[in-house]
Amino acid sequence: MGAHRRIALIATAGALIISTSGPLVRLAEVSPATSALFRCAYAVPPMIVLAWLERRRLGPLRGRSLAFAWTAGVLFALDLLFWHHAIDYVGAGLATVLGNLQVFIVAFAAWALFRERPSNQLMIATPVVFAGVVLISGVFDSAAYGSDPMLGVLAGAATSVAYAAFLLLMKAGPQRSAGPLAHATVVATVSIAALSPLFGGADLTPGRPAHGWLLLLALGPQVLGWSLITYTLPRQPAALTALLLLVQPLTTVVLAKVLLAEDPSPLQLTGCLVIVAGVLYGSRRAQPARTDAEQDEQVPKTSTV
C-alpha cells in the first residue's frame, strides 16, 4: 500500500470515529458547555501519556510549534462550544453537516498560506453549498427540525470558521500527533472553563449516566479520532484532509436518525444532500491539484534569443 493511500485511510478512520461525537453529546443530555468541557478534561490524562511517549522519541515541542498548538487549543474550544450549541438548536446530524463547511474555508486559506491552489470545481460549488445552508436554516420551511434552525445555522457557521483555523494551525506545526494535540487539548479545557459562562455555563457535577457518555466521547473521538487525524494533517494537502473529514457528517446523519430518532424535514434533508454533493464536487481535485509553485515550474520558458 502506498504511503499516500495509507495516510488517507488513517484520516478516514479518524473521521469515522469522530462521527460519533454528535450522537454521544446528545446521549449525555447535558448542557453544551458541560459536554465540551468534559470531553476535553477526560481526554487530558491519556493525551499526556501519549505526548510523553512521543517526547521520549522526538524531543520536546518548542517555540513556534508550542505557540501553534496553544492557539489551536483556543480555537478548538470555540469550535466545540459553538458546535455543541448547534447540536442543541438543530440536532446532531444537521449540526455536523453545517460544521463541515470548513472544507471551503480550509481550501481557500490553504491557497493563501500554503499555495495549495483550489480547483475551478471548488469555485463553482461554493454558491451551491450556501444554497444548501439556506434550506437547512428553515427560512422557507414551516416543518424545519430543531428548536431554532436559524440559530443552528449561525452556530454551525461559527463552528466551521473555528474548525478550519484549528485544522490549518495543526497542519502548520511539526509532523507529530500526540504532542500538539495534548497541548491543544489542555488549552481547550482551560479555555472552555473560562468561556463557559458566556455559553450558558457548565455543570461540574453531571449525573452518572452522563459521565459514562462523556468519558466515551473523550476516549473515542477526542483521543483516538483526533490523534489519527492530527497525524495525517502535516502529511497531505489541507484540502484533501478536509475532504476526507466529510465521512463525519454523512455518518453522523445516519447515526442521529437511527440512535436519536432525529427527523429533519424533506427540505432540510435536501439541503444536507446539496451541501454534501457540492462539497464532494468542489473538493474532488484536492489531491492531485498542484501548488502555485509547482504550476509555475510547468510554465514553458520562452527563449530570449
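Buried means under 20% relative accessible area, exposed means over 50%, and partly exposed is in between (1.4 Å probe, protein chains only).

The model here is predicted, so local features need pLDDT of at least 70, side-chain atom pairs count only at pLDDT 80 or more, and totals for chains, interfaces and linings use all residues. Residues are numbered from 1 along each chain as its sequence is written, and side-chain values use heavy atoms, leaving out hydrogens and water.

**Exercise 1.** Work out whether W226 is buried or exposed.

*Solution.* W226 has a relative accessible area of 3%. That puts W226 in the buried class.

**Exercise 2.** Classify the pair that F76 and W226 form, and say which helices hold the two rings.

*Solution.* Start with the rule: rings of Phe, Tyr and Trp (its six-membered ring) pair if their centres lie within 6.5 Å, with planes under 30 degrees apart stacked, over 60 edge-to-face and the rest tilted. The count comes to 6 aromatic pairs. For F76 and W226, the centres are 5.8 Å apart with 80° between the planes, which is edge-to-face. Helices here are DSSP runs (H or I, at least four residues), numbered from the N terminus. F76 is buried too, at 2%.

Technical notes:
Helices (H or I, at least four residues) and strands (E, at least two) are DSSP runs, numbered from the N terminus.
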